[in-house]
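Here is a briefing on a ligand site and on a strand with its partners. Look over the model before reading on.

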Amino acid sequence: MSAQQDGEVASPEVHAIGISFGNSNSSIAYTSSEGKAEVIANEEGDRYIPSVLSYVKGEEYHGTQAKSQLVRNNENTVAYFRDYLGKDFDSLDPRPCHASAHAKKHGSTVAFSIQDTESEAHNAVTVSEITTRHIRRLASSASDFMGKKVNAAVISVPTNFTETQREALTQASKEAGVEVLQMISEPTAAVLAYDARSEAEIKDKIIVVADFGGTRSDVAVVASRGGMYSILSTSHDYETAGAQLDQILIDHFAKEFIKKNKTDPRQNPKSLAKLKLEAEATKKSLSLGGNASLNVESIADGVDFASTVNRTRYEMLAAKVFASFTRIIEDAVRKADLDILDIDEVILSGGTSHTPRISQNLQRFFSSKTRILSPSTLPTAIDPSSLAARGAAIQASLISEFDKEDIEQSTHPMVTVTPHLRNAIGIMVVTDDIKKGLFTALVEKETAVPCKRVGIFAAPREGGDVIVKVCEGARDIKITKKEKLKTNGKAASDDSDLDSDNEEEDEEVREKIWKVGTVLAEAAIKGVKKGGKVEVTVHVGADLGVVVTAREVGAKGGVRGTLDK
Ligand code: ATP
């Protein structure tokens with residue numbers, strides 16, 4: 001770097017963090033000197049900080065303290081506002097903030113009428129100003145923890161966050177003294193959090209990132225090819241999330257209370273607010289244990305309420321909602337024009353993804369070859385609530401040294417929307433032993449070009465001539481019918497939820513096979529030695545031209561051919 005010129009003002013040092021900013025919760029993370037992303041706890045010790053601000057006589061409360069104000073001070077408590085930023089009042093769904101300060105139309109934007117100063121006056125505080133205050137609090141917690149002033153961030157946002165929403169968030173953060181270096185999509189952040197682990201094996205795969213939050217569920221199908229990610233499809237659902245699971249428990253406990261006390265606690269806003277907070281806590285406990293209790297002091301007419309529920313009962317009550325989570329994933333896979341057998345991994349992200357039943361349903365839905373990355377299916381899974389913030393922190397550490405222009409360049413659609421392969425390119429090795437050859441995909445479909453892949457194949461045991469055919473391949477699903485086993489007229493199944501009638505239905509076995517298409521090239525390698533191996537390199541250029549090199553491992557020479565697109 002050149003020495004500073006006379007009169008030149010030094011730009012302040014960039015201290016960047018990762019922020020995940022959700023409607024329900026936010027998190028802040030940093031990357032340690034060892035390159036590990038860590039979530040930062042705020043002054044209250046919370047790593048998942050409710051995106052809530054509350055005001056009492058001019059004093060501002062944030063996070064968990066603000067959320068507890070939803071019982072007594074709901075009118076001056078602002079919650080669930082992220083999705084209102086950069087939106088028109090007429091286009092927004094007001095339901096999430098039904099029990100907190102209501103969103104109101106304010107010129108061309110949205111505001112909350114709250115008493116946020118010592119005076120009795122109600123002020124219209126715009127959603128942009130609320131966001132600034134929230135980001136300021138997050139940055140201040142991060143600064144306290146890191147011992148230096150945080151002034152920049154990478155923020156994770158949903159895949160359908162519009163340009164206007166991005167601009168509004170950039171502006172609101174700037175007002176809080178935080179420069180947004182980049183916005184990263186939530187599914188990309190989650191994949192990055194997994195791929196950045198030292199033990200991660202970076203290989204070509206198709207990943208479903210299912211982000212199940214408090215007020216919305218977002219699913220993305222991501223192709224990971226040579227460490228580059230492309231989003232193939234997305235699905236969004238605003239009716240299936242943690243709030244619907246809370247509601248099931250609220251209704252369950254309310255019915256029990258009515259039976260004993262002949263009064264419905266849901267009719268009184270304060271009682272409902274108390275019940276809602278406690279029901280959410282009970283729901284979280286049910287992710288860990290088989291039983292959970294609920295305790296609400298003075299729920300209605302001064303009566304305390306205590307009860308318990310077990311996981312089996314909860315899972316029965318919520319079965320329909322749980323099934324909907326699987327359906328959102330199915331929808332995204334279909335939109336990507338893929339089969340569930342194409343999915344290598346499912347990353348469960350977001351708070352609701354802690355729910356064991358959701359992952360167990362997915363384990364049944366996908367084939368046994370699909371890895372479900374969630375706390376209840378994989379002991380080494382990363383905490384789903386922290387994935388977006390961790391990914392954002394990793395990205396922040398990668399780019400905080402870059403120039404602004406370079407960051408803008410790298411995220412420009414011209415750069416990120418590179419051409420992708422429509423079909424896989426694979427190899428068939430033909431020898432005297434295997435006349436037909438078996439197709440092995442070397443470059444998967446949806447790989448962004450240019451790219452290069454190398455494969456090593458065993459030659460015949462006794463050595464000899466090897467013909468390498470480079471072919472296009474299309475994935476196909478082969479369905480075979482298998483006669484179902486019968487046990488006393490009942491289908492053999494351990495799935496007690498799905499009542500099977502006594503009909504004898506054949507079982508379908510579905511498997512992924514390759515349909516070999518056009519042969520792009522053929523290379524002959526003569527006289528490969530006994531037990532030898534053949535190495536094939538396929539290089540696809542940006543213009544889709546293909547260069548193939550084949551050689552015997554350890555031997556001199558080889559065959560090289562170029563194919564135009
Ligand atoms: P959104 O933007 O959809 O509102 P978010 O990204 O802000 O969500 P998250 O923290 O991902 O928020 O998800 C919050 C939801 O996760 C809440 O409904 C919360 O009750 C739920 N949740 C958090 N922890 C658990 C747990 N251990 N078990 C079950 N649900 C949980």
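How many nonpolar, polar and charged residues does the shell around the ligand have? The shell has no nonpolar, 14 polar and 4 charged residues. Gly counts as polar here; Ala, Val, Leu, Ile, Met, Phe, Trp, Tyr, Cys and Pro count as nonpolar, and Asp, Glu, Lys and Arg as charged. This is a predicted model: local features need pLDDT of at least 70, side-chain atom pairs count only at pLDDT 80 or more, and totals for chains, interfaces and linings use all residues. Residues are numbered from 1 along each chain as its sequence is written, and side-chain values use heavy atoms, with hydrogens and water left out.

**Ligand site**
- The ligand is surrounded by 18 residues (a heavy atom within 4 Å).
- S24, T215, E280, K283 and S287 are the closest.
- A polar side-chain atom of S24 lies 2.6 Å from a ligand oxygen atom.
- For G351, a backbone N or O atom is 2.9 Å from an oxygen atom of the ligand.
- Helix α6 (residues 269–286; a DSSP run of H or I, at least four residues) gives the most to the shell, with 3 residues.
- Domain 1 (16–184) and domain 2 (242–318) both give residues to the shell, so the ligand lies between them. The domain bounds come from an automatic or database assignment.

**Strand β14**
- Strand β13 (residues 205–212) runs antiparallel to β14, with 8 bridges joining them.
- F212 stands opposite S217 in β14.

How values were computed
A polar contact is a pair of N or O atoms within 3.5 Å; within protein, one must be able to donate a hydrogen and the other to accept it, and residues adjacent in sequence count only if both atoms are side-chain atoms. Helices (H or I, at least four residues) and strands (E, at least two) are DSSP runs, numbered from the N terminus. Two strands pair if DSSP finds at least two bridges between them.
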